[in-house]
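Visitor: I would like to learn how to read a structure feature by feature. Please show it to me, and I will ask as we go.

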Amino acid sequence: MASFPGSFPSTRLRRLRKHPWSRKLVAEHVLTPADLIWPVFVIEGKDKQEPIASMPGVSRLSIDLLVKAAGEAKKLGIPAIAVFPKIDAKLKTPDGREAWNADNLICRAVAAVKKKHPDLGVICDVALDPFNSDGHDGIWQDGDVMNDASVELLCRQALVQAEAGCDVIAPSDMMDGRVGAIRGALDAAGFEQVQILSYAAKYASAFYGPFRDAVGSKNALKGDKKTYQMDPANSNEALREVALDLAEGADMVMVKPGLPYLDIIRRIKDEFQMPTLAYQVSGEYAMLKAADKNGWLDGDRAMAETLLSFKRAGSDAILTYAAVDMAKRLK
Ligand code: PBG
């Protein structure tokens, strides 16, 4: 603990808090649009928009509308979007093979966005859950997800996304060894400049509910994801996950969910001093929106405060469904 000079009454901490200008002057952290990544949901069709009931203000968009929305985000100073697909149930199979179809929805969406907005970063999730019939992130067999067999398929998925023009591959599947395998596959195919953002410390969380609605994996999901996502009881283990992912070639690491895991963000930042991102997940967003709708709190202020807390905890950037709204308010 640092020893602080000064004592009351010569020292009065309220003195600097008295004026808006001096509060601003000594603010230790600031949130800007450049800190935000906007996760978006894409669907088939043209000029189509489907509101997601559990995520007020968020809609699934057809590719044409997504391209427009991406342009708006870019204009507001948001550096990157993260694209998630809602796949037609008819295309879902036990192995999730649609994930490595080079002409799948996500690849067409990425190509369209990059064509119109080459300087907007595009991030793609790597995991099989939007594509397979079990709702798991890998191959489900005999009551569990197979690690090494899944990693092979995830590499194929990463490759078609990179071919489509994706800038950042973001494995969210929590299989062991997938970052190294994906790095190797990307490099071997000439994609050594494609970045990897690893969902390094991803917890088996109750806060993903609305997302699973959004991508249509909720009803499919057999059991839970506790054999691969982290136990919320653990903190030291998050450091091991991050250390391994960095050793395997991750450029950036992520903690997910965000708000219940601010301590994890701080520990990772202090330990590794590497680019560390936070994901304010669907349930966190829904919670704030629901309270706002009921008039129980000022939703905009609560959102801004929450996002700033990620910066204070050590996040370099934050994935949030509120990115566009927040960027508008910050302008
Ligand atoms: C897929 C994935 C999930 C989220 C991002 N990628 C859901 C899950 O693991 O079940 C959740 C995002 C959110 O809740 O906003 N592996």
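Visitor: Where is the place of Pro9?

Guide: Start with what is on view. The model is predicted: local features need pLDDT of at least 70, side-chain atom pairs count only at pLDDT 80 or more, and totals for chains, interfaces and linings use all residues. Residues are numbered from 1 along each chain as its sequence is written, and side-chain values use heavy atoms, with hydrogens and water left out. Helices (H or I, at least four residues) and strands (E, at least two) are DSSP runs, numbered from the N terminus. Pro9 is found in the segment before H1.

Visitor: Which residue is joined to Pro9 by a cis peptide bond?

Guide: The general idea is that most peptide bonds are trans, and most residues other than glycine have a negative phi. Here Phe8 is joined to Pro9 by a cis bond, with omega about 10°. Another cis bond links Lys256 to Pro257, with omega about -10°. Pro257 belongs to the loop between strand S10 (252–256) and helix H9 (262–272).

Visitor: What is the phi of Asp142, positive or negative?

Guide: The phi of Asp142 is positive, about 50°, although this residue is not a glycine. Look for Asp142 in the loop between strand S6 (139–141) and strand S7 (144–146).

Visitor: What classes of residue line the largest cavity?

Guide: Classes are set by residue type: Ala, Val, Leu, Ile, Met, Phe, Trp, Tyr, Cys and Pro count as nonpolar, Asp, Glu, Lys and Arg as charged, and the others, Gly among them, as polar. The lining of the largest cavity has 7 nonpolar, 3 polar and 7 charged residues.

Visitor: Where does the ligand sit?

Guide: A molecule sits in a cavity or pocket if more than half of its atoms lie within 2 Å of its grid points. The ligand sits in the largest cavity. A residue is near a molecule if one of its heavy atoms lies within 4 Å of it. There are 18 residues around the ligand, and Lys202, Lys225, Lys256, Ser282 and Tyr321 come nearest.

Visitor: Which atom of the ligand is 2.7 Å from the side chain of Lys225?

Guide: A polar contact is a pair of N or O atoms within 3.5 Å; within protein, one must be able to donate a hydrogen and the other to accept it, and residues adjacent in sequence count only if both atoms are side-chain atoms. A ligand nitrogen is 2.9 Å from an N or O atom in the side chain of Asp137. For Lys225, the ligand atom at 2.7 Å from a side-chain N or O atom is an oxygen. Of the 400 Å² of accessible area that the ligand has on its own, the protein covers 100%. Accessible areas come from the Shrake-Rupley method with a 1.4 Å probe; for residues, only the protein chains shown count as cover.

Visitor: What is the volume of the largest pocket?

Guide: The largest pocket has a volume of about 620 Å³. Among its 15 lining residues, Arg23, Ala27, Glu28, His29 and Leu308 lie nearest the centre. Helix H1 (14–17), helix H2 (20–25) and helix H11 (299–313) are the elements that give this lining two or more residues.

Technical notes
On a 1 Å grid over the protein atoms alone, a cavity is a set of points where a 1.4 Å probe fits but cannot get out, and a pocket is an open set with protein on both sides within 12 Å along at least five of seven lines; lining residues have an atom within 4 Å of a point. Grid points are joined across faces, edges and corners, and a volume is the space filled by probe spheres set on the points.
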